[in-house]
Amino acid sequence: MVKNNPFLSDTYTSIWSKHFDQGRKALKLDFLSNIGFYKKPSLPLHINLGKTLTKGMNYSLAPENSEDYKKKVFLIYDVPGYFNINSSTPSGSTLKIHKSKQYPGFGIELGQYNNFNEYMLSTFSKSSRYKLNKYKKRFEACFEVSYKMYSGEILKDEYDAVFDSFKKLLTKRFDDKQITNNNLDPKEWQFYYDVAYPLILENKASLFVIYDGSTPIGVTLNYHSENILFDAITVFDIDYAKFHLGSVTIMKLIEYCISEKIEFFDFSKGYFDYKTRWSNKTYDFEYHILYDSASFKAKTLAIGLKSFFDFKQKLRDKNVNERLHRLTYKLKNRKTETPTLETQFKFEDISSESIPKGLTEIDLNLSENHKIKTLAFEFLYLNDECSINLKTLTDTTDQYYFIGKAKKVRVSTN
């Protein structure tokens, strides 16, 4: 069971209400503890504060038959199966519950591990452990890497700088995938920005940041209960994809969880291959619909909600939602979309040759040099060179020169 759920905190719920319910006071019920609700206009329907933006809701029912549920329906989104909520209704009560299974959830039970190596030994084969360690070592050898977990304190200026980078990286990532990302909806992103800062100061959230020099290249927003770390949003600079920053991030977060005695690292909702590789526990998210079975209107509404959510899940099982996100992205970006061509290249070792005269150094951080930056990172990865020693030169044709500390290559592109 979750202890001190951050999504039930006054800070989280009040900020959510300010953004999505005009700051109205939450409705609290006697028959059900922990959760605050808001009411849908013209319907006897009450929905949990936080709606679908939480990573897990828990509640308990009063053992005695309180009657403030009469003629009403209560919808609670995203109840993780591993919370093990006792949803038995009191004897003789007309209160009933429908449950609709939704997204799959994934996580890592860490309570049995004393250190990171124990977890790796129990989860991955020798060859897989070698590859994962190689990715991390190669990444740290090729760049000026540092890691920072902002939890408990962060200067507001530093917070703003990280969140600005966070948004840019997320936009870049999903532009590359050509999929709409709900987190980047202006209203939703503003909520994340407003809620994360006070929760960090309260030790109910954190930002894990990977830096290359002083530049954030990977950011993860986490929420914290007493015994669980919830991975809410993770992104890394796609230019560094060769170095498997996703795996590096997970390794560092597992290390953090074990060192802080956090028992469960929750990857949250949705299926992704990486979750199945790292997880040792799977569960289901459910929507709980509590209603007064003695009220025809409430009973009909509850049955309709369950049917609707069950149908939506069937569509998700057929990947209709992903196709819809791709279509939405194309409709939003159809005027600016440009065809992309695959870059063909060949590295030619010129370490024993002198560098031609008259070459021009280029700035890999300029957006127009994105493809060359990708090739430069390929050079770093293949040759164990460090970015601080790298010079990238061009002769203004389709030829580029990557000059490292020990290796020099000429690159021809189409």
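The entries below go from the whole chain to single elements and residues.

**Entry 1: the whole protein**

I noted at the start that this is a predicted model. I counted through the secondary structure and found 10 helices and 17 strands in the protein. I then looked up the extent: along the principal axes, the C-alpha atoms fill a box of roughly 90 × 55 × 40 Å. The protein has 414 residues, and 49% of them are buried. I also checked how far apart in sequence the contacting residues are. Among contacts with a separation of 6 or more, 73% are between residues 24 or more positions apart.

**Entry 2: helix α6**

I turned to helix α6, residues 245–259. Its 15 residues reach 21 Å from the first C-alpha to the last, close to the 21 Å expected at 1.5 Å a residue. Is α6 mostly covered or mostly open? I found it mostly covered, with 12 of its 15 residues buried. The buried set includes Leu245, Val248, Ile250, Met251, Leu253 and Ile254, and Lys252 is also in it.

I checked both ends of the helix. His244 sits in the loop between β10 (228–236) and α6. Its phi is near 55°, a positive value in a residue other than glycine. I counted His244 as partly exposed, because its relative accessible area is 31%. After the helix comes Lys261, and its phi is also positive, near 60°.

**Entry 3: α6 against α3**

I looked up what α6 packs on. Helix α3 (residues 126–142) and α6 pack at an angle of about 100°, and their axes are 9 Å apart. The two helices are therefore roughly perpendicular. On the α3 side the contact is made by Leu132, Lys136 and Phe139. On the α6 side I listed Leu245, Ser247, Val248, Met251 and Lys252. By type, the residues of this contact are five nonpolar, one polar and two charged.

**Entry 4: helix α5**

Next I took helix α5, residues 186–201. It has 16 residues and spans 24 Å between its first and last C-alpha, close to the 22 Å expected at 1.5 Å a residue. Its buried residues are Glu188, Trp189, Phe191, Tyr192, Val195, Ala196, Tyr197, Leu199 and Ile200. What covers the buried residues of α5? The cover includes the helices α1 (10–20) and α4 (156–177). It also includes the strands β7 (145–150), β8 (205–212), β9 (215–224) and β10. I noted that α5 is followed by Asn203, which has a positive phi near 65°.

**Entry 5: β6 and its partners**

One pair I located is His98 opposite Ile289 in β12. β6 also pairs with strand β11 (residues 264–269), again in the antiparallel sense, over five bridges. There, Glu109 has Phe264 as its bridge partner.

Asn84 has a positive phi, near 55°, though it is not glycine. I recorded Asn84 as exposed, because its relative accessibility is 61%. Thr94 counts as partly exposed, at 22% relative accessibility.

Which residues does Thr94 touch, leaving aside those up to four places away in sequence? I found Tyr69, Lys70, Tyr291, Asp292, Ser293 and Ala294. Ala294 is 200 residues from Thr94 along the chain, and their C-alpha atoms are separated by 6.0 Å.

**Entry 6: the five-stranded sheet**

Last, I traced an open sheet of five strands, in the order β13-β17-β16-β15-β14, with antiparallel pairing. Which strands are at its edges? They are β13 (345–349) and β14 (360–361), each of which pairs on one side only. β14 is joined to strand β15 (residues 391–394) by two bridges in the antiparallel sense. Here Thr360 stands opposite Thr394 in β15. I then looked for a helix on this sheet. Helix α10 (residues 370–383) lies across β13, β15, β16 (399–403) and β17 (408–413), and it runs at about 45° to β13.

Key: Residues are numbered from 1 along each chain as its sequence is written. This is a predicted model: local features need pLDDT of at least 70, side-chain atom pairs count only at pLDDT 80 or more; totals for chains, interfaces and linings use all residues. Side-chain values use heavy atoms; hydrogens and water are left out. Helices (H or I, at least four residues) and strands (E, at least two) are DSSP runs, numbered from the N terminus. The expected span of a helix is 1.5 Å times one less than its number of residues. Buried means under 20% relative accessible area, exposed over 50%, partly exposed in between (1.4 Å probe, protein chains only). Two strands pair if DSSP finds at least two bridges between them. Contact means heavy atoms within 4.5 Å. Axes are lines fitted to C-alpha atoms, for helices over the stretch in contact, and angles run from 0 to 180 degrees between N-to-C directions. Angles under 35 degrees count as roughly parallel, over 145 as roughly antiparallel, 65 to 115 as roughly perpendicular and the rest as oblique. Ala, Val, Leu, Ile, Met, Phe, Trp, Tyr, Cys and Pro count as nonpolar, Asp, Glu, Lys and Arg as charged, and the others, Gly among them, as polar.
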